[in-house]
Amino acid sequence: MKRFKTMIALLMAVAMLLSLAACGEKGPDVTGKYICVGESYGGEYVEPYAESWIELKKGGKGTYYSGFEFTLKKWKLDGENFTGTVTFLGMEEAMEGTIKDGVMEVTYGDMKLRFVKEGVEAPTGGTPSAGNAGTGDNTQNAAGVTGVNDNVTVAGSLVDAFSGAVPGGSAVTAVIENPSTWYGWLALTDFWGIDQEEDYYDAWAYINTDSTGKPYFEVFQDGDSENAFLSMYMTIEENGTCIMPDIGEKDAWTVDTYLDAADAEEYQAFLYDDGTLALSYDYTRYDGSYGCTVTMCFRVDGTQWDEENDLLPPRYEEYKAALAQNGSGNEPEPQPAAGDDYGKSNANADGIVDFDTLKAGFTWLTYQTSYENGYGRPTYEEIAEQFGTDGKKTHESSWEDDYHVYEWVTTGGDFLLLSFEVQSDGSEIWNSSSWSSSLND
């Protein structure tokens with residue numbers, strides 16, 4: 001009998017340990033299904049964009065659904081504090097927040113999400129606690145990030161001056177793929193309400209899926225990797241030849257103007273038989289004071305254009321040269337700047353600064369290059385002075401006579417990556433920026 005009682009005690013102990021493992025280090029059993037009832041991008045909770053839920057299972061396992069099913073692993077509850085990791089196609093992102101009285105409030109990427117356990121009455125309204133990502137203004141793109149998409153790095157001259165371009169031949173693109181990157185041009189014509197000459201720029205378009213599982217389409221104008229020229233959620237038509245906008249409340253825009261559902265038909269992009277992806281629409285400034293016609297044309301990045309019949313992007317020759325270089329199997333050699341020196345940075349510079357210095361320099365640069373300051377273009381020396389040290393030379397495979405890239409970093413991994421155009425006198429002028437999300441906080 002004593003041996004039997006000992007076995008019962010052991011089984012009870014094991015059951016208790018399993019229960020604790022399912023619920024985290026401490027707290028009640030919170031396993032079950034939670035339905036999303038609110039999401040926030042920096043303001044009050046609003047009705048979810050689409051069906052979304054979380055199922056917490058025993059053993060720290062679970063599922064997060066938001067258009068697609070994502071694996072939720074290593075979740076645990078310590079008191080009311082919830083932590084977990086969402087994984088999808090090898091990518092991982094933290095999900096953190098609280099669970100209290102059947103209500104789960106978590107931060108995931110740039111969103112605050114509120115879930116309610118099945119059978120529990122949902123709370124109404126309310127503003128998430130401090131620390132929300134995103135501002136809800138025109139500088140935040142549909143993917144929820146200012147200037148850099150969730151799953152892609154803005155490429156081409158915006159960061160690497162075509163260094164990522166890989167030859168794809170001249171084969172016609174049969175369908176629009178997700179994900180995919182496109183290179184081409186955008187033209188601004190037929191201005192009204194303002195005395196403005198026609199403009200014509202290189203441009204890059206990105207098709208991908210954000211951290212919530214929503215596919216998006218974004219276009220960046222050459223020289224501006226910070227703000228999407230056009231940003232919208234979308235679906236790809238079943239036959240793969242048309243992008244259909246999926247426009248909600250203040251989650252899509254062009255330049256400085258939000259789009260609404262009535263704009264969806266005008267903002268469709270079509271893939272033509274020759275492999276070009278084209279879109280044309282009439283832009284009107286948000287206050288109605290002026291506007292123009294916007295036309296865009298792209299081919300899949302890495303594809304050679306029809307040079308006899310296509311209207312070529314302004315920097316097509318650079319793009320073509322990059323294709324030839326990257327397809328040759330030879331690693332491009334860094335080129336000296338004018339004046340026979342290898343850029344303005346010393347060869348041993350590591351670019352390491354503390355976070356406060358990096359943040360202050362980023363803030364200064366953002367203002368210097370902003371609309372309010374006339375889109376200024378500071379020199380390398382002016383920028384390096386803000387950080388008190390030279391930048392680290394990086395992306396050396398893309399260094400050319402007229403293009404250099406430097407990076408300032410912290411030991412914790414925060415970074416600011418800047419590209420510069422080299423002038424005929426050897427001076428280096430800021431061209432574009434890329435940075436870690438920590439500098440947005």
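The side chains of Arg 315 and Asp 222 meet in a salt bridge, with 3.3 Å from N to O; the term covers a side-chain nitrogen of Lys or Arg within 4 Å of a carboxyl oxygen of Asp or Glu. Arg 315 sits in the loop between β18 (291–300) and α2 (316–326), and Asp 222 in the loop between β11 (215–221) and β12 (230–236), so this pair ties together parts that are 93 residues apart in sequence. Helices (H or I, at least four residues) and strands (E, at least two) are DSSP runs here, numbered from the N terminus. The model is a predicted one, in which local features need pLDDT of at least 70 and side-chain atom pairs count only at pLDDT 80 or more, while totals for chains, interfaces and linings use all residues. As for bookkeeping, residues are numbered from 1 along each chain as its sequence is written, and side-chain values use heavy atoms, with hydrogens and water left out.

Both Arg 315 and Asp 222 are buried, where buried means under 20% relative accessible area, exposed means over 50%, and partly exposed is in between (1.4 Å probe, protein chains only). Glu 318 counts as partly exposed because its relative accessible area is 31%. Through shared partners, salt bridges join Asp 222, Arg 315 and Glu 318 into one network.

Another salt bridge brings together the side chains of Lys 320 and Glu 307, at 3.0 Å from N to O. Lys 320 belongs to helix α2 and Glu 307 to the loop between β18 and α2, so here the pair ties together parts that are 13 residues apart in sequence. Lys 320, with a relative accessible area of 29%, is partly exposed, and Glu 307 is partly exposed at 32%. In general, side chains of opposite charge can pair when their charged atoms come close.

On to the strands. Strand β2 (residues 53–57) and strand β3 (residues 61–65) run antiparallel and are joined by five bridges; two strands pair if DSSP finds at least two bridges between them. Within this pairing, Glu 55 stands opposite Thr 63 of β3. The β2–β3 hairpin has three residues between its strands, and Gly 59 in it takes a positive phi near 80°. From β3 the pairing carries on to strand β4 (residues 69–78), again antiparallel and with five bridges. There, Tyr 65 stands opposite Glu 69 in β4.

Further along, Gln 423 is found in the loop between β21 (415–422) and β22 (428–435). With 30% relative accessibility, Gln 423 counts as partly exposed. A polar atom of the Gln 423 side chain lies 3.1 Å from the backbone oxygen of Glu 421. The C-alpha atoms of Gln 423 and Asp 402 are separated by 6.7 Å, with the two residues 21 apart along the chain.

Zooming out, the protein has four helices and 22 strands. Of its 441 residues, 45% are buried. Among contacts (heavy atoms within 4.5 Å) with a separation of 6 or more, 53% involve residues 24 or more positions apart. The protein exposes about 21700 Å², of which carbon and sulfur atoms supply 51%; accessible areas come from the Shrake-Rupley method with a 1.4 Å probe, and for residues only the protein chains shown count as cover.

Definitions and conventions
A polar contact is a pair of N or O atoms within 3.5 Å; within protein, one must be able to donate a hydrogen and the other to accept it, and residues adjacent in sequence count only if both atoms are side-chain atoms.
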